[in-house]
Amino acid sequence: VAMFAGDAYASVQLAAFDARPGLIAIHAVAGIVFATSVPLQVWPPFRARQPSLHRYIGYTFVAPAWLMSATGVAVAYVYPFAGRAGVIPNIVSALLLMLFTAQAVASARRTDIAAHQRWVMRAVAVGLGIALSRVYLPVLVNGFDLPPDQAMAQVFWLGSGTNLALVESWIRREKFGRLTNAG
């Protein structure tokens with residue numbers, strides 16, 4: 001945290017984590033389970049050769065996605081990352097991730113594989129947005145001299161927003177046709 005946003009900001013964050021370590025731990029574990037399930041799930045040979053395992057991992061993908069969403073909103077309230085300005089993008093991201101995972105499950109149950117893949121791509125984009133936000137943070141703090149708390153509020157939007165824009169443009173470019181060929 002200090003490397004990205006400075007020592008003063010890091011000391012506030014680390015003190016908050018030390019005061020309430022359980023919430024951030026649950027959020028981080030859910031995020032790790034979510035992120036580590038993605039590569040195998042989107043790899044076409046795995047989906048083609050292991051459809052039952054793909055389905056099982058897919059259902060287990062939903063639980064950490066929803067847990068990550070719920071704890072992400074709680075984290076925005078409990079820890080002083082970005083003040084009130086950071087709560088809104090966390091709520092929006094949480095709701096989008098929950099919606100996208102629910103739509104992915106519903107599409108898969110209808111055996112609409114193309115729609116299922118589009119919804120999963122959107123869920124992954126939002127769910128992994130926090131990783132990209134960490135790239136934006138030092139740029140906003142060091143390059144644009146934004147105070148760390150203001151920069152954090154912006155990076156929440158930028159991380160998921162950039163990922164989602166890239167996925168939506170990919171989906172539009174592919175015209176949904178080649179997605180179904182992957183399994």
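Helices (H or I, at least four residues) and strands (E, at least two) are runs assigned by DSSP and numbered from the N terminus.

## Basis of the model

This is a predicted model, in which local features need pLDDT of at least 70 and side-chain atom pairs count only at pLDDT 80 or more, while totals for chains, interfaces and linings use all residues. Residues are numbered from 1 along each chain as its sequence is written, and side-chain values use heavy atoms, with hydrogens and water left out.

H116 lies in helix α7, and with a relative accessible area of 16% it is buried (buried means under 20% relative accessible area, exposed over 50%, and partly exposed in between, with a 1.4 Å probe and protein chains only). Leaving aside neighbours within four places in sequence, H116 is in contact with H54, A104, S107 and A108, where contact means heavy atoms within 4.5 Å.

Two aromatic pairs are found in a search of the whole structure; rings of Phe, Tyr and Trp (its six-membered ring) pair if their centres lie within 6.5 Å, and planes under 30 degrees apart count as stacked, over 60 as edge-to-face and the rest as tilted. The rings of F100 and W119 have centres 5.6 Å apart and planes at 40°, so this pair is tilted. The pair links distant parts of the chain, with F100 in helix α6 (residues 87-109) and W119 in helix α7 (residues 113-127), 19 residues apart. F100 counts as buried at 6% relative accessibility, whereas W119, with a relative accessible area of 21%, is partly exposed. R122 lies over the face of W119, at 4.6 Å from the ring centre; a charge sits over a ring if NZ of Lys or CZ of Arg is within 6 Å of the ring centre and within 35 degrees of the ring normal.

## Packing of α3 and α5

Two packed helices are described by the angle between their axes and the distance between the axes. Helix α3 (residues 21-42) and helix α5 (residues 51-78) pack at an angle of about 145°, with their axes 8 Å apart; axes are lines fitted to C-alpha atoms, for helices over the stretch in contact, and angles run from 0 to 180 degrees between N-to-C directions. By class, the contact of α3 with α5 has 17 nonpolar, eight polar and no charged residues (Ala, Val, Leu, Ile, Met, Phe, Trp, Tyr, Cys and Pro count as nonpolar, Asp, Glu, Lys and Arg as charged, and the others, Gly among them, as polar).

I26 is found in helix α3 and is partly exposed, with a relative accessible area of 43%. Not counting residues up to four places away in sequence, I26 touches L67 and T71, and its C-alpha atom is separated by 9.7 Å from that of P64, 38 residues apart along the chain. Y59, placed in helix α5, counts as partly exposed at 39% relative accessibility, and, with neighbours within four places in sequence left aside, Y59 is in contact with V105 and R109.

## Two loop residues with positive phi

Most residues other than glycine have a negative phi. T111, in the loop between α6 and α7, is not a glycine and yet has a positive phi of about 60°; at 62% relative accessibility, T111 counts as exposed. D145, in the loop between α8 (129-143) and α9 (148-174), has a positive phi of about 55° although it is not a glycine either, and with a relative accessible area of 64% D145 is exposed.
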